[in-house]
Amino acid sequence: MSQATLDDDELFGEAATEIQDDVESSVTAAWEELPAVEALWETNATNTLGVLNGLNSALETTAATEHLRDAKKWFVIGQRADAIGETDELAAEIETLETTIEALDSAHEEVESLTRSLPELKQTLETEHETE
């Protein structure tokens with residue numbers, strides 16, 4: 001075996017370790033960017049619109065989605081290069097993370113819809129009650 005081959009194998013091993021570390025750290029960072037349970041469940045708002053605005057902010061997943069994208073990108077590269085160990089476990093964690101982000105995004109859309117429609121409903125009801 002030539003020195004160049006040994007060096008290539010050594011470099012590949014280092015790259016594989018770095019890829020796996022990147023995937024794992026991106027997954028961890030994505031989980032950390034997701035809202036805390038308290039942010040979704042507890043509120044200090046004094047009215048419904050305040051609750052919805054707080055919930056809308058808490059459901060924001062932009063940063064987590066960016067970390068998930070990085071994790072998936074490096075996972076695919078590492079998997080194709082056969083450079084990642086425990087691919088089933090990492091794939092399952094990435095899938096769970098993706099499903100969680102999708103659920104949060106869906107809830108975010110629903111809350112945004114309510115946040116937009118609630119003031120209009122309030123105005124309609126106030127106008128109707130004034131005309132009675």
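Predicted model: local features only at pLDDT ≥ 70, side-chain atom pairs only at ≥ 80, totals over all residues.
**Exercise 1.** Find how many salt bridges the whole structure holds, and decide whether the pair Lys72 and Glu98 qualifies.

Solution. A search of the whole structure gives 3 salt bridges. Side chains of opposite charge can pair when their charged atoms come close. The cut-off for a salt bridge is a side-chain nitrogen of Lys or Arg within 4 Å of a carboxyl oxygen of Asp or Glu. For Lys72 and Glu98 the N to O distance is 2.7 Å, and the two side chains meet in a salt bridge. Lys72 belongs to helix α4 and Glu98 to helix α5 (residues 87-131), so this pair ties together parts that are 26 residues apart in sequence. Lys72 is partly exposed at 31% relative accessibility, and Glu98 is partly exposed at 25%.

**Exercise 2.** Describe where the partners of the salt bridge between Lys73 and Asp70 lie.

Solution. The side chains of Lys73 and Asp70 meet at 3.6 Å, N to O. Both residues lie in helix α4 (residues 62-80), 3 residues apart, or about one turn of the helix. Lys73 has a relative accessible area of 43% and is partly exposed; Asp70, at 29%, is also partly exposed.

Notes:
Residues numbered from 1 in each chain as written. Heavy atoms only, no water. Helix = DSSP H or I, 4+ residues; strand = E, 2+ residues; numbered from the N terminus. Buried < 20%, exposed > 50% of the residue type's maximum accessible area, 1.4 Å probe, protein only.
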